[in-house]
Structure formats: C-alpha cells, structure tokens
Amino acid sequence: MIPDSEYGPGLLAPYRVLDLTDGRGLLCGKMLADLGADVVQVEPPGGSPARRIGPFYKDEPGAERSLFWWAYCANKRGVTLDFSKTDGAALFRRLVGQADFLIESADPGHMASLGFGYSDLSELNPRLVMVSITAFGQDGPYADYAASDIVGMALGGFMHLTGDGDRPPLRVSMPQFYQHGSAAGAAGAMIAHTHRQLTGEGQHVDVSCQQAVARTLAHAPQYWDLEQTILRRMGAYRESAGGTFTRINWPCKDGYVNFQPGGGTAGAARSVRSMLAWMAEEGMGSPELEAVNWEELGYGTARAEIMEQTVAAVAPFFMTHTRNELAEGALERRILLFPVATPSDILAHRQLAARDYYDRVEHEDIGETVTYPGHFVKDLQDPSRVGIRQRAPRIGEHNREVLGGELGLNGRDLARLTELGVI
Amino acid sequence: MAGLPLEGLKVLDFCWVAVGPMTTKYLSEYGATVLRVESAKRPETLRRAGPFAGGESGVNRSGYFANYNANKYGLSIDMSHPQAPELILRIAEWADVVTENFTPGTLERWGLGYDELSRVNPRIVLFSASMLGRGGPMQTQPGFGAVLSSLAGYTNIIGWPDRGPVNPYGAYTDFVCPKFAVSAILAAVDRQRATGRGTHLDMSQLETSLHFGGPMLLDAGVNGREPELVGNRHPSASPHGAYPCVPDGNGEADRWIAIAAFDDAQWEALRDEIASDGITDITSGEFRTFRVRKAHEDKLDGIIANWTISYDRHELMRRLQAVGVPAGVVNDTRDLFEDPQLRHREHFTWLDHPEMGPYATDYTETQLSLTPGRLDRPAPLLGQDTEHALREIVGLSAEEYRELHDAGALV
C-alpha cells in the first residue's frame, strides 16, 4: 500500500502508455489519458495520417487543424519517431522498456514485420500490455480485408437493422466502427492490467471491431437464435419482436422527438399514461388508448392495431409543440421522450451545463479557447480528476521533453536524428 | 495456464436492463464474482423482454436477459423489506465494487448511498450509471438508450435527405457506454488496490456517448457547422454506399453490399472491375477524378447498383477485396451466426440453461492471449443462488440466513 496522496492525480496516474495508433485507434489511448495515464502518442516524422482526417478548424485542412486529431489526442503528449529506421528502433526499444501499455492499430502482421510483434515486445518488457485494434482481429479469413467504417458497420450487422425498409441499409454518418473497437481496447487493456498488477505478467489484447459492433445489436441476434426471426429496419419504427413494433421517431413543430410508447416496467407504462394525460389536458385525449392495459404489455411491444391507434392520436399532438416544449413537458411528467438534438442543441444543453461537462481548452498557438466534451465519467471523490487537461500535441511537440529529458538525448543527438529523418 | 484475470474481484451488482448488465458481464466473463441482486417481487425489465426460448414467455426464458447475465450469481432480495438495507451493507463489507444504474437517489433512499457504503467499507468502489448523470435539473428524467440516441446526436445524422432522420438500431447508447464503464471501474479498482482509497464513479450515459461524436461537436463549436442528412454519402469518399445484390438461394431478397473508394487506387480498381463486365459508362470522364465523381454521384450510384444487382454479395465482396477495394456484405442477424470471421473468433458460444436449453451468448470483442475470458455458466434463474451466495460466498451463518429467509426478505 502507498498513501493515496503520493499516487498522483487521476485514477491511472502511475502508468505510461505508448500510443502508436492512427485514426482507427486514437480513442483507446484517449480514454486512458482521460483517466490520468501518461499517454505518449508516437507519430511518424511529418505527423500522423490521422491529422488528415476532417473536419478542420475553419474548414482549412492542415496537420495542426484536424478536429478529429484534436478530439482524440487531447490529454496526450506527442513525439515523432520512425522506428523502422535503426536509430529510431533503438530509441523505441527504450521507450517500450519503460511503458506499461502499448496500443497499435496497424494491419495485422505489420508490427511483426518491423520486428515489433508481441513476442518481440514482450522480450523487451515482459510486463507490457499490448493492445492491437483492427477491423476483424489478428487472424481469420477477413483479417487482411480492407475495411472502412461503412464496410465494418455492414459486416457487424448494424446497417441491416438501420434505415428505411424500402431503401438501402444505413450507417451513422460519423465514424463508429473503429470507435467501438477502440473503446473496447481500453476495457481489454484494463482487464489485462488488473492481471499484470497481481502477477507481473503482460499479454496481448487482440480486438475485433466487427465483434464490437455485433455486440451493439441488443436482442436482435438472440431473436434469430431462439425464435428464428430476422428483425428488420423499419425507419421511424423499431421491430421489437417478430410481428410487434413500436414507433420511436416522431415529427413535431420544429423538428423531431424520440418517444417510445409501449408497456412493461422501468416506467414505460407510466410514461404512456402521463403522455395520454397531457394530451387530455390540452383537449387532444384518446379514450381508446386510455382503455389499453399498458401495464400488462411487454417491454417495448404493442400489437399493430394499438400502435396504429397510438400514432393516430399522438402524432397530431406532437405537431402542436416544439422539441423544447415536449422535452420540458416530458421532464415534468416523467415521460420517456428526448428531442432529436443537433450539435448546437447539445452544446447548449442545460443538464450538461449544470454538470460542468464541457471543458474549455486553451489553444495558445491560434489564440482561441475551444470547447471539448469533458469527463466521460465523474470521480465524485475528486471531480478534477477525469476530463480534458491539455490540447492535442503539435507534431513533435514533446520530442525534447520525452526523448531529451527522459531518455537523456542531448541537443546534438536530437539534431542528428532530425537530420536522419528519424524524428 | 494462467487463471482468469479478474479472479478474486468481488462485485455486488444492482444493474438492470442493458447498459449495466453488459458492463458487469465483461467482469464476470473474466473471472470476477458477480452477485446480481434482483427481486422476484419485481422481475427486471429484460426478464420480461423477448426473445423467449421456444417463443414461450417466462421470467427465466428471455434470451435478452440471458445473454447479458451469463456467469453471474442470482440473488433475490426484496429491497422494500426493512431488513434489506442491513443485509446489503453486510454484502458491501465483502465486496470490492458495487454497481448500479437506478434513477439517481434510489440507493440513498434505501440508506445505501456512497456515504453509508464507505462507512462499512472505506475501500468500496461504487459505480453509478444513469441517463443524464447525478445532480442537475434533469437527473430524474427517465429514459432508455432507444430514445437517448436522439439527445446524444445520433438520430439527427442518420437518414436520407428526402426523408426524416431515423434512429440507430436498438438501445444504441447502452452499447457505447459499457466499454467506458469497465475501463473506469478497473482504473478505480487499481487505485483501490494500490492505496486503499474508495471512489464513487458517476456515469451519465449522455456524456459518455458524446465522446463518439467529439469531432462533430468541435465542428459545431468552432465552425458553426450543423450536419445534414446524407444517406450513406461520405465527404472524402466516392462512391460510398450500400448496393443491392441478388437474392439468396433461399429467396431472401434484402441483400446488399457496402462499397467505398477513398483514393485513386481504390477507385481505379473498382472501375476496372465494373468495366471488365462490359459496363463502359463507368469509364466516362464524369467519374475520372474525385471532384467530378462527387458532382455526378447519383448517376454513379445508379451504374454501380445496376452492376451489383446481378451478383451474389459474398462473391462480389471476395472479388473486390482481392483487388483492394473496401467492400463488405450487409450481414443480417442470421448471417452473423454464419459469418466465417465471427465463427473464427468464436463470437457466439452456447450455454445450456436449465429452462431455456442451449442459448447463444456473445464473447467480448477483446481476446487476451494469456488469460482469455470464459463463459461457462448460464444466466441465473431468478433467485437461484440466494442461499449459496449469502452463505458460501458472503459468509452468513445458517441461522442468519434462516432468519432473513423466514422474515420474507429474500424474495
């Protein structure tokens, strides 16, 4: 046991992470950094290809202007290092020797081809937890397939269930596939870490983004396994079982809201009753729906004719109110309803403001303060400990600090390595 | 062979519905002892949600529940019974971690908030998850992931420009959060083991989910951008979409392949495959560069759809992947069970359940080389382990157990 006061700030303060990932894996190290770990992002000289991912600050592309990079490299330090070159590899070995975690997202086999597969790295540091984030895992029939977000969301089973029934399946139009795998990589890293802290044994965590997406499908795979039913996409509705469905998305006066009518526990029946009472107050009540025994219906299920009656009564009511009016009324009446929010709604949301969610981070290089999503979890014993502490690194920003200060290279060494294109 | 990595980690688990139980399933798969507290008086939502084994409903027959609760012990405790809080504090003395996702304030009403728990066990890690977090004007707003995806910004960006937005399938945010939750819980356990310090973690499903949309929020903040519905289009790829394929031999017609070209090499490889089938329109100058393809994307999508529709989706995927074009079949839920890569990874395993018979449950997406996870016990029948867990695991005496049982606290 060591005194908590000597542990350092954050839940993971004592640990060092080497993050070699590109745009496919940055979130994993970001989560560990948010929890307090010292995460060093290692980029090739000239900068990571993830710096080319948009959107960009003021819509002008540039290596220091990628908002994707800013979002997923905040809280990290950054060094440049070409470890495929001899001098770079020597430095890299020293960094590996000091690291607790190493995260990478290269195609399967790439690290081994450079002499840095897991077996090589574990010889340098048997305690190391190495996390590899790839589309399909390190081996298997698809391991070498080219996978972008849409390909992964298709193979993971998400798209078949999302979109209008009479149109092609849809993806979410911001990247999700590698994010699911990256977040799972952090969970896997912590599971392996827990074992390492007890036994001293490191290991290799092999993440499949396809599996991560296949695990987002709620009960749909089980419907095939147990009832041989393939659930399908239904636009504004959700097929909640074979032959029963519920409407989720509804137009209102100035946009859309999500409201889930249906029975069951967890406040679902109460929510419908409250909605019906509100409609009655405003002269738009529905005695037929009030007579339905919502309490006895299963979770998220209602027969087609009840759903038809519900839509006939509720849809016109929503058209008389704005998203905001409906959301505020729902809060008062404990109705399961949320507005379909735009990014600016989310930035202005009063619950997020009340919880001090957003962090304002100084970008002194451009003279601006930028608003970031903050704590993904709050540590109520010390709320300062999870959240954004510093902006993403500029290219090679911490070369001197990490390679000079910590590895002991002097100014001449650094200049020579720069000339050789190693850093 | 090494044991399971979380062996010895003791968890008192009040989590219910999806987000919480999926979180504690990571822990139980990797060896933690998870005591899942429910009450037969109020079977939890998922026990009443389909699918059911053989299509026949029952509190011990839900596949939705059974998937997320494998490897856990099932205890039935009536939390409204006057002896319940004292019993829970006794279990909290045994536990390293307590997990819950009730509406904020529920544990406190039972006299089981962090203050009370840490009084009996100062090392305790309490993990609380809720829709919108603790405190603030909306902490008691009820909700499910199925509707929260709208507030988290997802619904707004899924859909066709000529129609309205649609939701991502299912309780989407419920499946974003567990990975963050497991990371945070085990980070708190690490600190607990190193220093003896306890922690109360407070997770808002909204706040966590917004991290998948970080660049979008920054774009709105610094550039004032409001996204529009774009179907499957992508700002830096063309083509980028899902295209129809021939029905399966069994007549299933809802068959699609996703195809994308992000650079010249991918585009040229795709174009050459299409042209080699005699479709010369694809070599038109309208599609030569990324910029001009973007200007003629409707026409381009039409040509590609007319090409894909005469192919079997798997055959086409193999052909395009062989020349380096990102392409993947759109798997439906039956396909997931037959997908060669998921089978290679042993994504699903079948557990033999006393009422349901064999049922499919999924392994985590993380494979650990030295200490892989293990799913070997089916989800508990309601209350099946109450006596075993309280006596053999927590250490109650026979008399203490009998007294609680006879008082009616264990239902």
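## Strands, interface and a buried threonine

Visitor: Which residue of β3(A) does Val40(A) stand opposite?

Guide: In this predicted model, Val40(A) stands opposite Arg77(A) in β3(A). Five bridges join strand β2 of chain A, residues 38-43, to β3(A), and the two run parallel.

Visitor: And which helix packs on the sheet there?

Guide: That is helix α16 of chain A, residues 399-406, which touches β2 and β3 of chain A and whose direction makes about 75 degrees with that of β3(A).

Visitor: What is the strand order of the whole sheet?

Guide: The sheet is open and has seven strands, in the order β3(A)-β2(A)-β1(A)-β4(A)-β5(A)-β6(A)-β12(B), with mixed pairing. Its edge strands are β3 (76-80) of chain A and β12 (366-368) of chain B, each of which pairs on one side only. On average, neighbouring strands of this sheet are turned by 20 degrees against each other, direction ignored.

Visitor: Switching to the interface, how many residues does each chain put into the contact?

Guide: Chain A gives 137 residues and chain B gives 135 residues. On the side of chain A that touches chain B, the largest share comes from helix α7 of chain A (residues 177-199), with 14 residues. The residues of that side divide into 79 nonpolar, 41 polar and 17 charged.

Visitor: Which strand of chain B pairs with β15 of chain A?

Guide: Strand β15 of chain A, residues 378-379, pairs with strand β6 of chain B, residues 199-204, in the antiparallel sense and over two bridges. Within that pairing, Lys378(A) has Asp202(B) as its bridge partner in β6(B).

Visitor: Now Thr155(B): buried or exposed?

Guide: Thr155(B) counts as buried because 29 other C-beta atoms lie within 10 Å, and the cut-off for being buried is 20 or more. Thr155(B) is found in the loop between α6 (145-151) and α7 (172-195) of chain B.

Visitor: What does Thr155(B) touch, leaving out residues up to four places away in sequence?

Guide: From chain A, Thr155(B) touches Asn249(A), Asn258(A) and Val340(A), and from chain B it touches Ser149(B), Ser150(B), Pro165(B) and Asn167(B). The C-alpha atoms of Thr155(B) and Asn167(B) are separated by 4.8 Å, although these residues are 12 residues apart along the chain.

Visitor: Last one, which residues have the most contacts inside the largest nonpolar core?

Guide: They are Leu32(A), Ile185(B), Ile257(B) and Ala258(B), in a core of 259 residues. Helix α7(B) gives the most to this core, with 13 residues. Not counting residues up to four places away in sequence, Ile185(B) touches Val97(B), Val125(B), Phe127(B) and Leu201(B).

Technical notes:
Residues are numbered from 1 along each chain as its sequence is written. Chains are lettered from A and ligands numbered from 1 in the order in which they are written. This is a predicted model: local features need pLDDT of at least 70, side-chain atom pairs count only at pLDDT 80 or more; totals for chains, interfaces and linings use all residues. Helices (H or I, at least four residues) and strands (E, at least two) are DSSP runs, numbered from the N terminus. A residue is buried if 20 or more other C-beta atoms lie within 10 Å of its own, exposed if 12 or fewer, and partly exposed in between; C-beta atoms are placed from the backbone. Two residues are in contact if their C-beta atoms, placed from the backbone, lie within 7 Å. Two strands pair if DSSP finds at least two bridges between them. Axes are lines fitted to C-alpha atoms, for helices over the stretch in contact, and angles run from 0 to 180 degrees between N-to-C directions. Ala, Val, Leu, Ile, Met, Phe, Trp, Tyr, Cys and Pro count as nonpolar, Asp, Glu, Lys and Arg as charged, and the others, Gly among them, as polar. A nonpolar core is a set of buried Ala, Val, Leu, Ile, Met, Phe, Trp, Tyr and Cys residues joined through C-beta atoms within 7 Å.
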